Amino acid sequence: MAANPGVESHDHPGAAPSPTPGSALPRPWHTILKHAALPTLTHDEQARFNVVAAMNRFLAQQLLPRVEAAAGQVVEPALKAELGRPAADRHEYRRGLERELTWRIWSRMRRATMEMRQQAGRLAVLRQLPALVDTCRKLNAGHDHLRLDPSLVPPRYLRALPAHLMPGGYTGELVADDITAGASYEIGIYATLGGQSGPASDRAGRATVTWLEAHRPGWRPRRILDLGCGMGANTLVLARAFPDAEVVAIDAGAPMLRYGAARARALGVDNVRFIQGDIEQPPLSDEAPFDLIVSLMVLHETSRTAVQRIFKASFEHLAAGGLAFHLEQPPYRDKPLLEQCLRDWDGRYNNEAFWSALHDTDLVAAMRQAGFDAGAVRETRADTAAPRPTPDHAKVQEDYGRGGTWYVVTGERQAS
Ligand SMILES: C[S@@+](CC[C@H](N)C(=O)[O-])C[C@H]1O[C@@H](n2cnc3c(N)ncnc32)[C@H](O)[C@@H]1O
């Protein structure tokens, strides 16, 4: 892989080195981080995930360039002829794309990778569900690191449309003490990202810590709040980076939290408390303020009103001198229309209902409205690594949002 500086080699052991980035295989599933709560996958179950990862890689590296070529050569001229001018926005542009065969193949196959991932993940978990539930129960027993609220009614946007085609969404429960959503999330996201987020699928957490080291060197937040923690992969990065800190991680999904709490125990991380609640109104009345409050890839799964409330919660629960850090995919402004359509795919075809609107939302204005002083809000970017060596690599790795440099809006609360 020396020919591809900046791209890690994920070839299967024994495979010939890949001469170009386009032919590199994604990390095989067996390279995922192992721990006591992780489902055990048979050969065939792993193979299904490897097919999903390889299909995604094929779509990003082989088919996408053809979509881009067709967009320039066919779609744009056709739109111009039809409209008498170029497409004015991504909505007009997409209508042209959807008539183009290469786009339709790319889009349908991409949808198929998500359907296959969700089915493969769910089947692998259901096959061993009683044993997994038992393992997680035992890992969680006798500790006060998990607080569930059976009376919680999750917000409608979480109940009505299962995000990224995940059956039952984050909150659906199949059996007592269910962990299905958390377990299938962990094994499936690894396949969708082809391991690009690392063995623990925690690149957003690592990007956050990298950002903090660069922008607040030497800072040791003592109390950290993670809003919408999911199964806690990224939470654990923060907990490990600041081992003296007390970390509170909130999510609406009990199956995510049970699995996440057990996973944390299995990985020996004991400074996180997982709490079930609605992050629009986090159940924190008896908690002191927090020095660092994060939300990592959460906002796109909520709603416009919810984002405003989540920002308000991050303002109200922030200690003087503290930092609110909200990480997401970048806004569309200034991006070419084709790229906007490619990035918007999840919003239209992958059950990400608020995705499209979020990318048009002025998050800086929303932070100010939530109470942050105008001068205390800033837009920034976060990633784990140095900028990629060439634009080509950036594109191959980025896959329009699945690879990795994030947009972040931060707010600081002035020391009183
Ligand atoms: C895409 S996942 C991200 C999880 C985690 N931050 C990570 O980086 O892996 C979004 C999570 O936000 C949670 N979530 C969304 N809206 C919420 C709300 N209003 N209250 C609590 N949790 C919420 C979902 O349940 C889900 O687990």
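## Overall composition and confidence

What percentage of the 416 residues of the protein count as buried? The figure is 45%, where a residue is buried if 20 or more other C-beta atoms lie within 10 Å of its own, exposed if 12 or fewer, and partly exposed in between, with C-beta atoms placed from the backbone. The model is predicted: local features need pLDDT of at least 70, side-chain atom pairs count only at pLDDT 80 or more, and totals for chains, interfaces and linings use all residues. Residues are numbered from 1 along each chain as its sequence is written.

The protein averages a pLDDT (the predictor's confidence in each residue, from 0 to 100) of 90, and 89% of the residues score at least 70. In residues 1-22 the pLDDT stays under 50, and the model gives this stretch 33 contacts beyond four places in sequence; two residues are in contact if their C-beta atoms, placed from the backbone, lie within 7 Å. Residues 386-394 also have a pLDDT below 50, with nine contacts beyond near neighbours in sequence. Where pLDDT is low, the predicted coordinates should not be read in detail.

## The sheet

The protein has 15 helices and eight strands; helices (H or I, at least four residues) and strands (E, at least two) are DSSP runs, numbered from the N terminus. The eight strands form an open sheet of mixed pairing, in the order β1-β4-β3-β2-β5-β6-β8-β7. Its edge strands, β1 (146-147) and β7 (377-382), each pair on one side only. Two strands pair if DSSP finds at least two bridges between them.

β1 and β4 are parallel and share two bridges, with Leu146 partnered by Phe274 of β4. β3 (residues 246-251) is also parallel to β4, over five bridges, and here Ala249 stands opposite Phe274. Because four of the five residues of β4 (residues 272-276) are buried, this strand is largely enclosed by the rest of the structure.

Further along the sheet, β2 (residues 223-227) runs parallel to β5 and is joined to it by three bridges; Ile224 has Leu292 of β5 as its bridge partner.

α10 lies across β2, β5, β6 (318-328) and β8 (406-412), and runs at about 150 degrees to β6; the axes are lines fitted to C-alpha atoms, for helices over the stretch in contact, and angles run from 0 to 180 degrees between N-to-C directions. Helix α8 (residues 233-241) is mostly covered, with seven of its nine residues buried. Among the buried residues of α8 are Asn234 and Leu236.

Of the contacts between residues at least 6 apart in sequence, 78% join residues at least 24 apart. Ala36, in the segment before α1 (43-83), is 231 residues from Leu267 in sequence, yet their C-alpha atoms are 8.0 Å apart. Leaving aside neighbours within four places in sequence, Ala36 is in contact with Thr135, Leu139 and Ala266. Gln369, in helix α14 (residues 363-369), is 61 residues from Gln308 in sequence and 7.8 Å from it, C-alpha to C-alpha. Gln369 counts as partly exposed because it has 13 C-beta neighbours inside 10 Å.

## Positive phi angles

Most residues other than glycine have a negative phi, and most peptide bonds are trans. Asp177 has a positive phi near 60 degrees and is placed in the loop between α5 (156-160) and α6 (180-192). Met297, also not a glycine, has a positive phi of about 55 degrees; its place is the loop between β5 (290-296) and α10 (304-316). Met297 counts as partly exposed because it has 15 C-beta neighbours inside 10 Å.

## Ligand surroundings

Which of the 22 residues around the ligand come nearest? They are Tyr170, Gly228, Gly230, Ala252 and Leu296; a residue is near a molecule if its C-beta atom, placed from the backbone, lies within 6 Å of it. The shell around the ligand has 13 nonpolar, five polar and four charged residues. In this classification, Ala, Val, Leu, Ile, Met, Phe, Trp, Tyr, Cys and Pro count as nonpolar, Asp, Glu, Lys and Arg as charged, and the others, Gly among them, as polar.
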